Amino acid sequence: LGMKPSPLLYQLPHSGPSIDFADQSRDLMAIKRRGRWRSDSSLRRYEKGAQVTKQLRALPASVQSFVVRAAASLPGVLGGRLRPLTLSALSP
């Protein structure tokens, strides 16, 4: 994909709320409860949905499609029913 993975633990509190907000899987109050933030300013510090959207839209369409398919298959992969997608599944 041309990206260097650098999963760092401090990224998790930032990416979860951003993804939840960007894909509309949770509203802001649910995100706030999930992150155990008491103040709205704390939530805003971690929720960067617009940044996630900007980064995703900057990717080529084939990579965006791959990411969507990989995300949709994740429950099956984690449940042992599906094999993970490989980069060969990345359409040109």
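I began with burial: of the 92 residues of the protein chain, 20% count as buried (buried is under 20% relative accessible area, exposed is over 50%, and partly exposed lies in between, with a 1.4 Å probe and protein chains only). I noted that the model is predicted, that local features need pLDDT of at least 70 and side-chain atom pairs pLDDT 80 or more, and that totals for chains, interfaces and linings use all residues. I also noted that residues are numbered from 1 along each chain as its sequence is written, and that side-chain values use heavy atoms, leaving out hydrogens and water.

Next I looked up the surface. The protein chain exposes about 7300 Å², and carbon and sulfur atoms supply 60% of that area (Shrake-Rupley method, 1.4 Å probe).

Then I went through the secondary structure. I found five helices and zero strands in the protein chain (DSSP runs: helices are H or I with at least four residues, strands are E with at least two). From the N terminus the order is α-α-α-α-α.

I picked S73, which sits in helix α5, residues 61–78. S73 counts as buried because its relative accessibility is 13%. Leaving out residues up to four places away in sequence, S73 touches L82 and L85 (a contact means heavy atoms within 4.5 Å).

Last, I checked charged pairs. The structure holds one salt bridge (a side-chain nitrogen of Lys or Arg within 4 Å of a carboxyl oxygen of Asp or Glu). K32 forms a salt bridge with D40, and their closest N and O atoms are 2.8 Å apart. I recorded K32 as buried, at 13% relative accessible area, and D40 as partly exposed, at 41% relative accessibility.
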